[in-house]
Each structure stands twice: as structure tokens, then as C-alpha cells.
Amino acid sequence: MMNKKNFVLGIILFGILLINFTLVSAQVSYCCEKIKDGGPWCMNAPENECDDSYRSVPTSCEATSYCRLGTCIDTQEGTCMENTPQVTCNVEDGGFWEEGNADELPQCQLGCCLIGDQAAFVTQTRCKTLSSLYGLETNYRTDIQSEMQCIASASPGVKGACVFEREYQKTCKLLTKQECQEMEISSGYSNVKFHEGYLCSAVELATNCGPRGGTTCVEGKDEVYFLDTCGNLANVYDSNKINDATYWTYIAGVGGVTICNPASTTCGNCDYFSGTTCKEVLGKHVCEDLSCEYEGKDYQHGETWCAKAKGIKDNLPGSRYFRMVCYNGEVSVEPCADYRQEVCIQSEVNTFRTAACRVNMWQDCYAQDNAKDCTNEDKRDCKVIEGFSILTDENGVSLFLDEDGETADNSCVPLHNPGFDFWEEGGDAESLCSLGTTMCIIDYEAGIFKTLGGKRGKIVPNEECVDACKDRGGEKDDCEDECTAKCVDEDGNLLDSWEEEMNEMCVSLGDCGSSLNYIGKEGYYDTNDFIVMSSEEEDEEN
Amino acid sequence: MKKGVSKKNKKGQVTIFIILAIMVVVMGILIYLYYPQIATTLGLAPQSPQSFIQSCIEEEIENHIEKLSLQGGSLHPSHYIMYDNQKVEYLCYTNEFYKTCVMQQPLLKEHIESEIEKEISDNAKDCFDSLEENYKRRGYTVNLRRGEINVELLPKRIITTFDYPLTLTKGGAEKYDSFRVVLNNNLYELVSITNSILNLEARYGDAETTIYMNYYHDLKVEKKKQSDGTTIYILTDRNNENKFQFASRSLAWPPGYGI
């Protein structure tokens, strides 16, 4: 039978956070412009942590002029940095501080900056900076308001064969029309003529550039390209078209020339998002496979998945969630927040796995008094366990309502039990784990058994409990059954099943109870260490 | 028999001497004809002041850049976390739980430029001293005015300009207004991505790494969350293994409720 005990604990659970914040805010009362010993700028901290050479006032940083957060605009670069205190945004370095978020500031509004054949979704100042840095003309479009749309609108200029005479030789460069015109002016080459859509290897242009000059990878592009004998780019590599005159005459998309299917093994049309890119391997340019192999399994390039980390299946002390990432043939490990404050979630669409670390919303599980709220996945990560109630009234009666709205000896506990720093003094592991403390009162009726066998007597229902139960309108048999200790057998021996059930409940609260840690090592205590047997009779005798 | 052998030996020695003499003469002629090229190849030619400075200070600048790139943009981090035996500076930080971070270095590019400028001033002094001495030894009158050092992070390169006007006089006069050391490095690009990540950290308390790897195919972004709520970001250019790493502590979660 459950003791009347956790009533206060359950009810004030919400208060724990409140008390915490109150305690913290009572302690952290100063806004330090700078923390001592080269510490960070603008932190709320106790006065003794503030650097004396800087300002500090007994208020929150948001209320001060020097540490109020706003946006720092880099007037040279045109970048906007949010959550910046005024003091760190130096005017001498080109900084300009404005109150508010970047979204609210006209200087930080983003638009599409088209530079050459590239695009960037940046501020207007940044666009001008990039323009001067790359020495290219820009087109800043405020009508494009999404990054994807901006990138999609980047279009390379129409290219073609720029034919000219140099040292009495008719030669060629693959350029845009504008580049060709600029070359004519700047280089002084004679007979410069632009042939849109033509490759320099086109026979009819009669230049000294011919087909089959090899292959190459191009920076910023994924495909393998043919080169002509002058070193100009031609179309995407296709082993079936090495001797195709048309393929060496027109740029793909012109004159019926098409590029091969990326899936073909004879094709150089590599695609990063499909998992291949151009790489030079032993002097040859090939579509390199970017997929990964990890622990005997194949993963596609760009896939992310949750690791099967040690002890994570049972959320053992010390265990942690990890996300694995496969990019460019390499697997990297991203740990989620420690103490299982983040969990890894994974989904799969058409065999492509995607995973993410997301916050473990366990904090208010213990305070839920009904199954519906407890299992509301939008609000929290909790589950209902049976056999014990954290929330009880002053009589020890459960306050938890099951799915049918009936009172049940159930509790709402974290779905992924969190980790605690139980080895640290002053942590809240003890207070949280104590939610699982329970007492099982066994009433014995003295009689012949005691005299004969030396036993305590026959186990009977607790009278007070039965009376209270009857007062609530319970039937006699039901009340007696409810009020009879369930932690022992008929002979008064502690049941292993009860012990296990209670320990499971403790473990489900967090890093509580008795369990192995994530590497299989035993903890400080065994379950038996948690069980304290006491007897009123013995106490009286003593 | 012995006499005969001795005569032969003498004749052989004379022949060897003649061959050696011819070789010396030929080499002399070759050196006379091609001395500038040979000297340059062997590094014996007098360097121009520009290349003298470039070779003198280039490696130092490279070392400073490499060091500060692993330390979050500071050569002497003051507020840092130890990661992989490196002091990694916090660029965005909060000492509280459940709160997003406060930007510590909003003008990161400018900060890095000034860090390099400060650090190379001593190296610059040594290099220009040595340049002066070198030319004086060769009979030049050297007039060097030491001005400012300016470091610029630009796309794909870092340019260090020494505004140190120099006049060398020996018969005629050679004038140099300034000296530029250009390094091929994409720190500018890595800093731009860092700023973007920091804005996400400041706003949401986290940043998704794969977004950047989808945009920049040669970029590797790693995120290593530490037990105290700190996140270390490591940006690596896959082409040249250039790295930039920094720390952020934002929206940290305590063990338990954090009482």
C-alpha cells in the first residue's frame, strides 16, 4: 500500500522551476559590462564577478543602455549581427548599433544580389561590397524574397565561341558575349567575332581548337567536362559522344545537343545532390561516389541518422544521443545535448534517412495529473507508468486520472528519462529522484502463527485506510484489497516483483534508482540499499 | 715493367688535368653568359625589396592565421573553452541556462584583421631592419619610412600592406611606396559562414550544419556539443584543409532543472 506522502511534492513540482528561477535571479542581480579575468561581455552575474574597470549596475542587462541587445551592422561589409550589446559594436571598426532585430531594420533587409552567374541573398550594402570585391557588375533585386528563388534566378550569361586572330592564327575562347566584347577592346586582337551557342571546337569556325583535348573538373561545378585542344571547356563528358561532331560543335541545349543521364556509367553529368561529384583520380576525371559506409551499412550522401549509442536504448546514466552525418563520403558525429536534454529523432522517405537532435521536453511530466495531457506529444515527451502515483492527496490517494477519467495508481514520467549530475553537490538529482520514494506499510495481526512460528502474524488490511476508503464510498472487499500491503508475500517476505517495479519507476524519473551505467558499470548502490525496513513494534521495543 | 706503368699513369693524370681545365673554362663561360638565370635559380641573385619582404614575413603571417583560425579568430583568447588542446574563443555566449547567447565579436572580420596587424608588427620590424641592413651592405643608401600595417581579408586571399615608403639610392634611385604580401587563403569565406552560424545561434540557440554543406560543396561543418552546453563549430575547406573553429554557448540545458 502506498503511503500518504508525495502530496506536497507533486503539487509543488511546478514551483521547483519557479523557485529555481527566483533563486537564480536573486543571486544574479548585476549587469556586468564585462566579467572579470577577460570573461564575456554583458552578462547577468553576481556583483563580485563583474570586472571593476567596467560598468555594472544592479539590474538586468536588458534594462541598461550599454548592454541592451540590438543589431550590429557592419557598415563596410553590410552584414547584420543580432543579439549584440552596444558596447561590442565598435564604431571605429565600422560597426553601427541599432535597437531591434535584423528583420526590423531597413539596413538589414535581404534581397537577391546577382553577381555574374552567381547569386547571393544578402543586404544591399553587402551586394555592393561583393560587387567591388569581385569586380563584377551587380543587379540587386528586392522583389525576390526567398533564398531559394534567388539562387534559382542566377543564370550564367549565354556563352559562345569568341573567335579572334592572334599571331596570325585563328583561335578561340569560350566566353559570354560581353566578355568577348571586353576582350576585343582590351586585348587588341583582330577579327574578333562572337558565335553564340557554338563551341570553340566547331569545325565550321575553322579555328586551331579541335575536339578531344581531354577532360577536367571545374571549380564550383560537379560535372566532368570535355576540353578542346585549346583548353576551352566543351560539353559534359559522355564517352558515347567522343567522336560525335555535333556534340563538339554546339553548347548543350543548342542544335539538338543534350547532356547524358547522370545515372549512366558512361556519363560525366555528376550531381552533388544525387551523391556524385567530379574528382581527379589517378589522372582521370570521374564522377566520384559520395556515399558512406558506416559499421557495415551504406548511407547515401546527405543522409543523417541516429547512432546506436551505448546505453541509449534504456537511457542509462551517462548515455547520450548522437546524430551521424554522411557528406562527401565522410561520416561525422554530432552529439546531441548531454544529460539527454536532447534526443535524436529520425525519419525515412524513400529510403533516405534524415535525423535531428531536438529538445527532450521532459520537464513538466511529473506534474501531469491525467493521461491525456501526459501523452500530448505536441507539448511534452512523457509516458504513463502504472503501479505508482507521484501525485497523491493527503491520504495517499492517487490524483492521477487515466484515459477514462478514472483515478488510477499511475504516474506521468519522462518518455526519455533525463540525466542528472547526481555526483555534484547542490544538484537537483536528489529532489527529483525523491519523487519516487514510496512506503509500503504492512499490518500484521498477532495470533497463533506468531507464537508458533515466530512470525509477526497474519497480514491484514490497514484499518485506517479501509475506513478512509469506505468513507469515499468504496465496497468493503475492494477497500480491503486496496489497503492490504502488496509488497510482500503471505509470509511477509518482500516481493522481488515489487522491488523491481519500484526501481523501474525510479529509473523512469531520470538518473535515479539502481541501474548499470552506459558502459555497463554498476552504480554506487544496489536496490537493497534503497529499502529501509522498520517496525513500529521493534521501534517500541528499542 | 714498373717504369712503363709509371709513364702511363703520368699521361693519364695529365689528361685528367686537361679535361678538368677545359671543364672549368666551359663552366666559367657558361656562368659568364647565364649568371643572372643561374643565380636566380640558386637563390643567389639579389632579391627585390618586395620579394625580400614577402619571403621574410609570409610564413609568419601564415602561422598567425593558422593559429587564430583554430582559436576562434583570436591569437590570445581571453574567454575560451579548451577543445582538443586548443583554446577556442566564445564568439557568442550566455552564462545562463534556457537563454540565447549574446554576441561577443560582432565584427569578426575586422577583429581578425586587427589581431594579425598587431601580431606581425614585431616581425615586420625585424624584416624591414634586415632589408635595410642587406641593402646598406650592398652599398645602397636606404631611406625607409615606417608607416602603418594594414591587413585585409578578401575573398580567397589575405592581403597585408605595409605602408613603408622605401628609397634605395646607388647611382640611380629606386622608389617603393608600399609592400604587399598576398596569401591565398579563404578565411574570408569561412568568417562569412561563421557570422551566419552565429546569427542562428543568437536567434534560435542552434544551427543546422547540413544547410551549409548543401550550399558549399567543398565545405565540411562539424558541430560538437559539450556537456556544459557549449557548442564547438569546426569549418573545414575540403580542398585545402583550411579550418576555422569557434565556440558558442546558447540555449544551454542544465542537468535536471538546474537548481
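User: Where does Gln300(A) lie, and what makes it count as partly exposed?

Analyst: Gln300(A) sits in the loop between strand 19 (297–299) and strand 20 (304–306) of chain A; helices (H or I, at least four residues) and strands (E, at least two) are DSSP runs, numbered from the N terminus. A residue is buried if 20 or more other C-beta atoms lie within 10 Å of its own, exposed if 12 or fewer, and partly exposed in between, with C-beta atoms placed from the backbone. Gln300(A) has 15 C-beta neighbours inside 10 Å, so it counts as partly exposed. One thing to keep in mind is that this is a predicted model, in which local features need pLDDT of at least 70 and side-chain atom pairs count only at pLDDT 80 or more, while totals for chains, interfaces and linings use all residues. As for labels, residues are numbered from 1 along each chain as its sequence is written, and chains are lettered from A and ligands numbered from 1 in the order in which they are written.

User: Which residues does Gln300(A) touch?

Analyst: Leaving out residues up to four places away in sequence, Gln300(A) touches Gly275(A), Ser291(A), Cys326(A) and Phe352(A). Contact here is a matter of C-beta atoms, placed from the backbone, lying within 7 Å. By contrast, the C-alpha atoms of Gln300(A) and Lys458(A), 158 residues apart along the chain, are separated by 67 Å.

User: Why is Val122(A) called buried?

Analyst: Val122(A) has 24 other C-beta atoms within 10 Å, so it is buried. Val122(A) belongs to strand 8 (residues 118–122) of chain A. Beyond four places in sequence, Val122(A) touches Gly78(A), Leu110(A), Cys113(A) and Cys127(A).

User: What makes strand 5 and strand 6 of chain A the edges of their sheet?

Analyst: The sheet is open, with three strands in the order 5-4-6 (chain A) and antiparallel pairing. Strand 5 (79–85) and strand 6 (95–99) of chain A each have a single partner strand, so one side of each is left without a neighbour in the sheet. The twist averages 30° from one strand to the next, where axes are lines fitted to C-alpha atoms, for helices over the stretch in contact, and angles run from 0 to 180 degrees between N-to-C directions. Strand 4 (residues 69–74) and strand 6 of chain A run antiparallel and are joined by five bridges; Gly70(A) has Glu99(A) in strand 6 as its bridge partner.

User: How many residues of chain A are in contact with chain B, and which element gives the largest share?

Analyst: On chain A, 53 residues are in contact with 39 residues of chain B. Strand 5 of chain A gives the largest share of that side, six residues.

User: How does the radius of gyration of chain A compare with that of a compact globule?

Analyst: The radius is taken over C-alpha atoms, and the globule rule is 2.2 Å times the number of residues to the power 0.38. For 542 residues a compact globule would be near 24 Å, but chain A has 37 Å. The C-alpha trace of chain A spans about 125 × 60 × 40 Å along its principal axes.

Note on methods:
Two strands pair if DSSP finds at least two bridges between them. Two residues are in contact if their C-beta atoms, placed from the backbone, lie within 7 Å.
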